[in-house]
Amino acid sequence: MQKIIYAFAALLVLAACGKKEEPGKEVHIPAIIPKPVSITPGNDHVHLDKSVAIIAKSADEKNVGELLAAFLKSKSIDAVVSEFSDNKNTIALYTVEDSTLQKEGYKLTVDDKGINIQANNGAGLFYGAQTLLQLIPESGNEISFVTITDYPRFAYRGLHLDVGRHTFSPDFIKKYIDLLAHHKFNRFHWHLTEDQGWRIEIKKYPKLQEIGAYRKETAIGHAGTAQREGAKFDGKRYGGYYTQEEVKDIVKYAADRYVTVIPEIELPGHALAALAAYPNLGCTGGPYETAKSWGVFDDVFCAGKEETFQFLEGVLDEVVELFPSQYIHIGGDECPKTKWEKCPHCQKRMKAEKLKNTHELQSYFIQRIEKYLNSKNRQIIGWDEILEGGLAPNATVMSWRGEEGGIAAAKQNHDVIMTPGKWCYFDHYQDTSKSEPLAIGGYLPVKIVYSYEPVPSQLTAEEAKHVLGAQANVWTEYIPTSDHVEYMVYPRACAMAEVVWSPKDSRDYTDFLTRMDTHLKRLDSWKVNYAKHIRQEIDSLNTSKK
């Protein structure tokens, strides 16, 4: 597989300004995405010579320095990372203790003394470096004087990708991480298991990758949803999975960019691929096959059999070794109870545990998995269905069916990540034109994404503290290629980046469009196959200014 040399060497070769301002002329504000907390532009510039010293001493400073050096070398600048240098042309990275910058904040200064980035930790330095890269102009190496103080509004800033319905190469996953990290997202939610495919190697259960990772064929169009007659299929075997070595490599790649990878192992529903591999884990014993159409299926993990929990604990043992994330996402959504209602094993479990109904049986299932992961010093995240039947004691809720689940969880003093479909589902259509590629439905243009406010007005100030942030989700039933993923994600992710990073009171859609006029050129330079609909809004705005 050809290596995509992306990272910083292919990242960001544009900026909004880089020329010395003449007396009497308006000082231009750099077009930074997401918008920083504070920008104070100057009236001069520094020029990066052919040789630049990046001053870095700590491990985090050196990590960020090496990433910066790779980018500068792509512009024919010999950048060397060192602890000391006599070179007057320097970029200095400093880890400091500054409570005003918060955990991931930074201060970036470009003045007659050079370029200086200060932060409390490596993440802050990295985000300062991302902003610096947006200051470097397309041609030439002049960077305008500026002072930027910046920090995120929310601690959790997520972007999700479903690789169960369609899977994508490790190289593309790295590009996806590069892009989200540059936009200052800090969580990559990797949806790894589904009815339509199991995508992670589990050595204890090899049939998961031998059988569960592949489906016989794939449904064509909207007719190919579960329980719908007239479905048509492409007749092509489809599948694949990520080896544990590939997973380790991707997790490290993300960590170097201060992104935490949160794996999702779906349970108790969305389990057909696992049941196809190990049919004894279902209520009926099968036979099952990896799903070849979309939707929700009645066959789920049996909640009555001990072997189900033994299997899942074995899977999770390997998952926690691969992913250092505090959170493990366990799904918990769209789990039909049809089989449980008739299953003697499930009914026996309900009687033994004194459970009133199958909703409480699902709660039992989730709480048992939570207790196991807590014993591994991990916490669970689940979709808002985990509220049904009683919320697991330490669970964090991801609210997707509107905001109600998040509101209910926050009022119960549980942490919440907001991801309601109306604003955060990037598998929805972006335009009403018939020329749009097939999508699951809905309508979510950039402007609506940008309008999202993650903290519901129904919460008190104390309850609102449980809203950790927000996340955009990318479900791939109708997104078969990496180019299509990029088309659905960008520039909507640019809007979401500003929702979760920038101060609420500073957000302005017209101002965002003005800055996106420059940022779209950056996306072009990175060869991102982004959707062009926003271009019309930008052109209309530019025309109105003339």
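At what angle do helix α1 and helix α2 pack, and how far apart are their axes? The answer comes below, after the basis of the model and its overall build.

## Basis of the model

This is a predicted model: local features need pLDDT of at least 70, side-chain atom pairs count only at pLDDT 80 or more, and totals for chains, interfaces and linings use all residues. Residues are numbered from 1 along each chain as its sequence is written, and side-chain values use heavy atoms, with hydrogens and water left out.

## Overall build

The protein chain holds 18 helices and 21 strands. Helices (H or I, at least four residues) and strands (E, at least two) are DSSP runs, numbered from the N terminus. The radius of gyration is 25 Å, close to the 24 Å that the globule rule gives for 546 residues, so the chain is as compact as a globular protein of that length. This radius is taken over C-alpha atoms, and the globule rule is 2.2 Å times the number of residues to the power 0.38. Along the principal axes, the C-alpha atoms fill a box of roughly 85 × 50 × 50 Å.

## Helix α1 on helix α2

Two packed helices are described by the angle between their axes and the distance between the axes. Helix α1 (residues 59-74) packs on helix α2 (residues 122-135) at about 20°, with axes 9 Å apart. Axes are lines fitted to C-alpha atoms, for helices over the stretch in contact, and angles run from 0 to 180 degrees between N-to-C directions. The angle makes α1 roughly parallel to α2. The classes are: under 35 degrees roughly parallel, over 145 roughly antiparallel, 65 to 115 roughly perpendicular, and the rest oblique. The crossing of α1 and α2 is right-handed, meaning that the near helix is turned clockwise from the far one by less than a right angle.

From α1, the contact uses Asp60, Glu61, Val64, Leu67, Leu68 and Phe71. From α2 come Gly122, Leu125, Phe126, Ala129, Leu132 and Leu133. Contact means heavy atoms within 4.5 Å. By class, the contact of α1 with α2 has nine nonpolar, one polar and two charged residues. Nonpolar covers Ala, Val, Leu, Ile, Met, Phe, Trp, Tyr, Cys and Pro; charged covers Asp, Glu, Lys and Arg; the others, Gly among them, are polar.

## Helix α3 on helix α15

The axes of α3 (residues 170-182) and α15 (residues 482-489) come within 11 Å and cross at roughly 15°. That makes α3 roughly parallel to α15. Phe172, Lys175 and Tyr176 of α3 meet Ser482, Val485, Glu486 and Val489 of α15. These residues divide into four nonpolar, one polar and two charged.

## Sheets

Eight strands form a closed barrel, β8-β9-β16-β17-β18-β19-β20-β21, with parallel pairing. Two strands pair if DSSP finds at least two bridges between them. Glu264 has His329 of β17 as its bridge partner.

An open sheet of seven strands runs β1-β7-β5-β6-β4-β2-β3, with mixed pairing. Its edge strands are β1 (38-47) and β3 (78-82). Six bridges join the antiparallel strands β5 (residues 106-111) and β6 (residues 114-119).

## Backbone exceptions

Most residues other than glycine have a negative phi, and most peptide bonds are trans. A cis bond joins Gly286 and Pro287, with omega about 5°. Another cis bond joins Tyr490 and Pro491, with omega about 10°. Lys184 is not a glycine, yet has a positive phi of about 70°.
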